[in-house]
Amino acid sequence: LGSSPSLLEFLSSCVLSGRVRATMVKKKFLSQADMKIGVIGDEDTVTGMVLAGVGHVDGQGKKNFLVVDGKTHQREIEDMFLELTQRKDMAMVLITQGCAETIRQAVDEYSASGQVVPT
């Protein structure tokens with residue numbers, strides 16, 4: 001072992017000789033700092049959470065919150081709930097009681113999947 005090159009020396013020689021290509025890509029893992037909270041609720045609840053710093057809009061205009069009012073259709077609420085629960089960067093989805101009652105079947109199905117700790 002004494003005369004064998006160290007791992008660092010070996011890797012350095014590979015890079016210098018061109019045996020390692022620049023196609024290696026770092027894979028990003030989500031940390032706690034990358035995790036977000038999704039919010040579905042009335043205007044006051046969502047506004048408070050957004051003002052507290054929970055709101056996020058990505059480069060494609062995708063939001064992690066939905067303001068529900070009298071004009072919001074049940075399908076819109078369900079779609080947002082399903083989107084938030086399927087995103088890898090969501091640590092928690094906060095949904096008000098009224099909105100949860102509107103989409104009770106979707107919430108119950110998700111609870112039954114075992115992927116949730118309902119509180």
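Which residue forms a salt bridge with Glu101? The partner is Arg104, and the closest N and O atoms are 3.0 Å apart. A salt bridge here is a side-chain nitrogen of Lys or Arg within 4 Å of a carboxyl oxygen of Asp or Glu.

Before I continue, please note that this is a predicted model, in which local features need pLDDT of at least 70, side-chain atom pairs count only at pLDDT 80 or more, and totals for chains, interfaces and linings use all residues. Residues are numbered from 1 along each chain as its sequence is written, and side-chain values use heavy atoms, with hydrogens and water left out.

The structure holds six salt bridges. Arg104 also meets Asp108 in a salt bridge, at 3.5 Å from N to O. Asp108 and Arg104 are four residues apart in helix α5, so about one helical turn separates them. Helices are DSSP runs of H or I with at least four residues, numbered from the N terminus.

How exposed are these side chains? Arg104 has a relative accessible area of 29% and is partly exposed; Asp108, at 40%, is also partly exposed. The term buried means under 20% relative accessible area, exposed over 50%, and partly exposed in between, with a 1.4 Å probe and protein chains only.

Let us turn to another salt bridge, between Asp89 and Arg87, where the closest N and O atoms are 3.0 Å apart. Asp89 is buried at 15%, and Arg87 is buried at 18%. Lys36 joins Arg87 and Asp89 in a network of salt bridges.

Note on methods:
Helices (H or I, at least four residues) and strands (E, at least two) are DSSP runs, numbered from the N terminus.
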